[in-house]
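User: I'm new to this structure and I'd like to learn how to read it. Could you walk me through its features one at a time?

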Amino acid sequence: MNTSPFQLSRNPFGRLILTLPDGSRHEGVLPVRAFPIAAPEQGIALVDIDGHEVAWIDHLHDLPADTRSMMESELASREFMPEIVKLKQVSTFATPSTWEVDTTRGTTSFILKGEEDIRRLPGGTLLIADSHGVQFMIRDLFAMDRHSRKLLDRFL
């Protein structure tokens with residue numbers, strides 16, 4: 001059984017309350033991942049409303065199930081990053097261009113302002129920022145279908 005060095009609960013407004021072993025309470029704490037792409041389950045800080053770290057979690061699996069569930073739901077509500085699974089079409093190979101894609105959240109289209117809005121990360125991962133600042137992720141470039149890779153190659 002996992003035990004936690006702290007207690008986590010919600011107030012009537014849904015904000016997280018952290019109670020440390022010394023009895024100090026921090027209302028409105030937020031979980032922040034240290035490595036959201038490379039190691040999303042590891043290295044999570046709980047920060048107070050001023051942005052100061054008040055607790056550190058090495059791994060989500062170290063937490064009791066109810067605390068882990070609360071943390072995962074809070075992280076999911078804060079982090080919105082659809083994953084592109086297929087590129088259907090691009091309007092032009094010059095930028096700005098409109099991309100039609102299938103994502104883990106459904107089919108959508110967005111405008112890519114410039115090639116510099118595509119960032120390469122280790123392991124074949126790409127982050128693509130649209131014209132509104134929404135981040136899209138391609139988890140594994142090499143696992144995509146041939147048509148999608150061919151379209152992407154024009155921008156990389």
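**Reading the structure, step by step**

User: Let's start with a single side chain. Which residues does Trp-99 touch, not counting residues up to four places away in sequence?

Analyst: A contact here means heavy atoms within 4.5 Å. Not counting residues up to four places away in sequence, Trp-99 touches Leu-87, Gln-89, Val-90, Thr-108, Ser-109, Phe-110, Leu-112, Ile-118, Ile-128, Leu-152 and Phe-155. Before we go on, a word on the source: this is a predicted model, where local features need pLDDT of at least 70 and side-chain atom pairs count only at pLDDT 80 or more, while totals for chains, interfaces and linings use all residues. Residues are numbered from 1 along each chain as its sequence is written, and side-chain values use heavy atoms, with hydrogens and water left out.

User: How do I read a nonpolar core, and which residues have the most contacts inside the largest one?

Analyst: In soluble globular proteins, nonpolar side chains tend to be buried together. A nonpolar core is a set of buried Ala, Val, Leu, Ile, Met, Phe, Trp, Tyr and Cys residues joined through side-chain atoms within 4.5 Å. Buried means under 20% relative accessible area, exposed means over 50%, and partly exposed is in between (1.4 Å probe, protein chains only). In this model the largest nonpolar core has 17 residues, and Ile-84, Leu-87, Trp-99, Ile-128, Ile-138 and Leu-152 have the most contacts inside it. At least two residues of this core come from each of strand 6, strand 7, strand 8 (106-112), strand 10, strand 11 and helix 2. Strand 6 gives the largest share, three residues. There's also a second, separate core of 16 residues, with Leu-16, Leu-20, Leu-63 and Met-70 among them.

User: You keep naming strands and helices. How many of each does the protein have?

Analyst: Helices (H or I, at least four residues) and strands (E, at least two) are DSSP runs, numbered from the N terminus. The protein has two helices and 11 strands. Read from the N terminus, the order is β-β-β-β-β-α-β-β-β-β-β-β-α.

User: Let's look at a helix, then. Which residues of helix 2 are buried, and which are exposed on the other side?

Analyst: Helix 2 covers residues 146-153, and its buried residues are Ser-148, Leu-151 and Leu-152. They cover an arc of only 100° around the axis (taken from the directions from the helix axis to the C-beta atoms), which puts them on the same side of helix 2. Arg-146, Lys-150 and Asp-153 are exposed on the other side. As for partners, the buried residues pack against strand 6 (84-90), strand 7 (97-103), strand 10 (125-129) and strand 11 (135-138). At the start of helix 2, a side-chain oxygen of Asp-145 comes to within 3.2 Å of the backbone nitrogen of His-147.

User: Now helix 1. Is Glu-74 buried or exposed there?

Analyst: Glu-74 sits in helix 1 (residues 65-78). Glu-74 counts as buried because its relative accessibility is 13%. The side chains of Glu-74 and Arg-10 are joined by a polar contact of 3.1 Å. A polar contact is a pair of N or O atoms within 3.5 Å; within protein, one must be able to donate a hydrogen and the other to accept it, and residues adjacent in sequence count only if both atoms are side-chain atoms. Thr-67 is in helix 1 too, and at 6% relative accessibility Thr-67 also counts as buried. Leaving out residues up to four places away in sequence, Thr-67 touches Phe-6 and Leu-8.

User: And what about loops? Where does Leu-60 lie?

Analyst: Leu-60 lies in the loop between strand 5 (53-59) and helix 1. Leu-60 is buried, with a relative accessible area of 0%. Apart from neighbours within four places in sequence, Leu-60 is in contact with Glu-41, Ile-44, Arg-68, Met-71 and Glu-72. Another loop residue is Pro-96, between strand 6 and strand 7. The peptide bond from Thr-95 to Pro-96 is cis, with omega near 0°.

User: Last one: how do I read the overall shape, and what does the C-alpha trace span?

Analyst: Along its principal axes, the C-alpha trace spans about 60 × 30 × 25 Å. The radius of gyration, taken over C-alpha atoms, can be set against a globule rule of 2.2 Å times the number of residues to the power 0.38. A compact globule of 156 residues would be near 15 Å, but the protein has 19 Å. Of those 156 residues, 39% count as buried.
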